Amino acid sequence: MAAIFQGVGAAAALSSSPSNSFDSKKLLFSPRRSFSVKKGASVVVVRSDGNVNLDLNPRGRRAQQLIANAVATKADSSATSSSSKPGHELLLFEALREGLEEEMERDPSVCVMGEDVGHYGGSYKVTKGLATKFGDLRVLDTPIAENSFTGMGIGAAMTGLRPVVEGMNMGFLLLAFNQISNNCGMLHYTSGGQFTIPIVIRGPGGVGRQLGAEHSQRLESYFQSIPGIQMVACSTPYNAKGLMKAAIRSENPVILFEHVLLYNLKERIPDEDYICNLEEAEMVRPGEHVTILTYSRMRYHVMQAAKTLVNKGYDPEVIDIRSLKPFDLYTIGNSVKKTHRVLIVEECMRTGGIGASLTAAINENFLDYLDAPIMCLSSQDVPTPYAGTLEEWTVVQPAQIVTAVEQLCH
Amino acid sequence: MALSHLATSSSRSAALLRPLSSSIYLRRPISTDTTPITVETSVPFTSHQCEAPSRSVETNPKELLTFFRDMALMRRMEIAADSLYKAKLIRGFCHLYDGQEAVAVGMEAAITKKDCIITAYRDHCTFVGRGGTLLEVFSELMGRQAGCSRGKGGSMHFYKKDSNFYGGHGIVGAQVPLGCGLAFAQKYSKDENVTFALYGDGAANQGQLFEALNISALWDLPAILVCENNHYGMGTAEWRAAKSPAYYKRGDYVPGLKVDGMDALAVKQACKFAKEHALKNGPIILEMDTYRYHGHSMSDPGSTYRTRDEISGVRQERDPIERIRKLVLSHDLATEKELKDIEKEVRKEVDDAIAQAKESPMPEPSELFTNVFVKGLGVESFGADRKEVRATLP
């Protein structure tokens with residue numbers, strides 16, 4: 001476990017306030033699909049239109065109905081008050097913890113299962129303090145048996161509990177692949193709708209700082225074919241907390257992908273209760289020339305490249321797709337219709353990754369709007385090497401992104 | 001004679017029965033007599049790390065006749081499924097339970113519908129034991145809308161949520177961690193019920209079973225792991241697959257009990273004992289020594305790895321229905337003829353259900369996309385194939 005608390009230095013360099021490069025006030029309000037406002041809506045879903053830097057007022061746009069017994073929170077105040085509280089600053093893992101804690105307080109059927117989540121506090125401190133607060137029955141330390149404790153989580157979810165299963169590293173969940181694929185994804189279907197599996201499976205994945213091949217896996221490419229599950233990837237403290245809460249409240253099984261290097265990102269998030277829409281992509285930086293689709297850590301590489309690109313005179317539109325399954329083809333499609341050029345930057349491997357599926361989806365649906373073939377930058381199809389320089393070359397770097405955009409827009 | 005006990009009938013077939021007068025030759029109500037009878041099980045229990053329960057089982061005429069009827073129903077249902085499979089109305093996999101009916105029936109007698117049962121793919125009779133109807137069974141087997149999973153599950157995916165039957169699982173051994181999860185939820189909600197997680201002698205060698213057992217013992221979960229040992233893991237005999245075929249001992253620190261699985265009363269006694277134990281002391285393993293007459297599934301003749309003499313030997317000596325029949329006759333609870341009538345009745349019931357199931361329509365094409373995700377979120381989600389297929393969540 002030497003690689004537990006790593007990446008602080010690097011993460012800080014990619015911290016979440018590159019807002020100087022774009023004017024957040026010039027938000028693009030492309031026509032969005034409207035959510036039906038149902039009665040008894042209780043929680044404000046704040047659409048994240050370019051709100052990377054949250055000094056802006058979070059817009060209490062539309063209230064969404066989630067679960068009938070949702071506790072009414074300060075929905076009114078945030079909608080009416082134009083100068084809401086400035087919020088509080090925290091790191092990404094703290095945001096995850098806050099989301100988890102709030103949901104556990106709100107709903108007694110939420111429990112956490114994982115290795116070292118209880119007394120140890122979680123290997124990335126996401127569950128720190130929860131065991132003392134909620135007790136051993138709600139924050140469960142499991143033995144090292146991913147296959148069975150994931151199965152147990154799914155079995156418990158069949159009865160109505162809402163477990164949050166943590167894989168200490170996403171790669172370990174490969175041992176639970178059968179449970180996730182056959183039971184988690186398919187039981188709702190094979191039982192004819194009788195059982196729902198409101199489970200959340202979360203954990204850090206992605207290429208870290210020289211963690212070695214087996215601890216640097218990107219499982220989103222393996223899980224993406226499983227029918228019946230939803231996959232989301234968080235990238236900022238704001239959407240980490242929002243997605244965590246939405247995932248816990250969702251009746252579908254959700255896999256929440258976090259990234260080892262992003263845990264120490266700092267951001268200011270609102271004080272009030274909010275969740276993020278699970279199926280929605282986030283507009284990070286609106287632009288005109290090219291649509292760059294990315295998620296998780298690559299978002300920061302893209303934003304870094306964006307700085308360079310802006311200086312060179314390009315105007316990239318950056319979208320953090322967030323929802324890996326299903327893709328938010330609405331936001332993506334609107335962007336493609338505007339810019340006509342697409343670049344996908346992802347951390348998955350070239351073969352069979354999220355980018356591959358996204359390329360196919362965009363080609364199928366929006367071919368007429370494209371002026372150039374879609375470019376997809378992914379990691380190399382190799383096991384992640386240990387040596388630092390080699391590891392750097394497996395992942396997409398900002399310089400490559402800049403070159404790719406120049407090629408695309410020449 | 002037992003006719004004097006037949007004054008009133010409150011059996012399952014009560015709705016079909018005319019008030020009893022002298023027309024008993026067509027139908028035979030099940031006795032409501034509950035005077036206790038004590039029967040000895042065929043063999044004593046062998047235990048591991050616990051005290052075996054007594055060999056004497058309390059039962060009563062009503063229960064015995066219910067056992068007989070239920071097992072006859074299950075037997076007939078499985079044989080009918082056999083013919084349907086050969087007629088190509090049932091496709092894919094069909095794993096039949098005939099020979100093992102005593103386990104399903106005996107277990108139900110010892111527990112309530114609030115206790116959970118989860119099993120593997122040989123689930124038709126367990127489903128019926130939990131209250132599933134024949135129509136649901138045959139419709140699901142034939143892939144029709146009236147099936148318990150709307151035709152989308154098939155033979156290996158029978159579920160009945162309202163009576164806590166959690167399936168119906170195709171992957172060997174994967175249901176055991178799920179079962180321990182059910183037990184965990186029961187402990188979490190403190191509702192004093194137990195979970196029976198059934199698996200076979202083949203699945204007993206799965207690692208996830210021991211993982212789940214470890215966690216259950218650690219967290220004191222009310223989980224009862226039941227190994228239905230029919231001595232063959234598909235085509236491999238147990239002595240060729242397991243170094244230690246004493247499955248009830250494999251829990252090591254978890255107590256175990258070996259039960260004659262062809263004796264419904266022994267099964268009932270063991271399950272009662274196990275339930276009490278699990279609620280107080282955590283997990284326990286039950287090994288049911290049972291036998292299946294059919295092969296592993298319909299694609300397996302069942303005779304390449306065992307002799308026909310063995311099969312007929314077991315059928316003659318240990319058949320669960322015959323055992324109950326002998327008990328009923330020796331205690332004078334019914335005549336031979338009455339029992340035969342029950343069997344005829346059951347046969348008719350099965351045939352009616354098949355006819356009804358054949359009339360049930362195939363699922364609509366739109367059913368392909370229902371129940372992939374749960375509705376009710378109020379959000380739309382766009383599939384990758386946005387033009388034709390769209391999974392809408394609301």
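Predicted model: local features only at pLDDT ≥ 70, side-chain atom pairs only at ≥ 80, totals over all residues.
Local features need pLDDT of at least 70 and side-chain atom pairs count only at pLDDT 80 or more, while totals for chains, interfaces and linings use all residues. Residues are numbered from 1 along each chain as its sequence is written, chains are lettered from A in the order in which they are written, and side-chain values use heavy atoms, with hydrogens and water left out.

Colleague: What is the area buried between chain A and chain B?

Modeller: The size of an interface is often given as the accessible area lost when the parts come together. Buried area here is the accessible area (1.4 Å probe) that two parts lose on being put together, summed over both. Carbon and sulfur atoms give 64% of the area between chain A and chain B, which totals about 4700 Å².

Colleague: Which residues of chain A lose the most area to chain B?

Modeller: Chain A brings 60 residues to the contact and chain B brings 51 residues, where contact means heavy atoms within 4.5 Å. Together, 15% of what the side of chain A buries comes from M152(A), Y189(A) and Q194(A).

Colleague: Which element gives the largest share of the side of chain A that touches chain B?

Modeller: Helices (H or I, at least four residues) and strands (E, at least two) are DSSP runs, numbered from the N terminus. Elements that each supply at least two residues to this side include β4 (110-114), α6 (177-184) and α12 (354-366) of chain A. The largest share, 11 residues, comes from α5(A).

Colleague: How many salt bridges does the rule find across the interface of chain A and chain B?

Modeller: A salt bridge is a side-chain nitrogen of Lys or Arg within 4 Å of a carboxyl oxygen of Asp or Glu. Over all chains the count comes to 44 salt bridges. Across the interface of chain A and chain B, the number is zero.

Colleague: Where in chain A is K245(A), which meets D273(A) in a salt bridge?

Modeller: The two side chains meet at 2.5 Å, N to O. The pair links distant parts of the chain, 28 residues apart. D273(A) is in the loop between β10 (266-269) and β11 (282-285), whereas K245(A) is in helix α9 (residues 237-249).

Colleague: With which side chain does the side chain of E105(A) make a polar contact?

Modeller: E105(A) is placed in helix α3 (residues 92-106) of chain A and touches K133(A) and F134(A), not counting residues up to four places away in sequence. A polar contact is a pair of N or O atoms within 3.5 Å; within protein, one must be able to donate a hydrogen and the other to accept it, and residues adjacent in sequence count only if both atoms are side-chain atoms. At 2.3 Å, the partner is K133(A).

Colleague: Which strand gives the most to the lining of the second largest cavity?

Modeller: On a 1 Å grid over the protein atoms alone, a cavity is a set of points where a 1.4 Å probe fits but cannot get out, and lining residues have an atom within 4 Å of a point. Grid points are joined across faces, edges and corners, and a volume is the space filled by probe spheres set on the points. The second largest cavity has a volume of about 80 Å³, and its lining residues include R218(A), E258(A) and H259(A). With three residues, the strand is β9 (residues 254-259) of chain A.

Colleague: Where is P326(A), whose peptide bond from K325(A) is cis?

Modeller: The peptide bond from K325(A) to P326(A) has omega near 0°. P326(A) is in the loop between β14 (323-325) and α11 of chain A.

Terms used: 1 Å grid on protein atoms, 1.4 Å probe; cavity = no way out; pocket = protein on both sides within 12 Å on 5 of 7 lines; lining within 4 Å.
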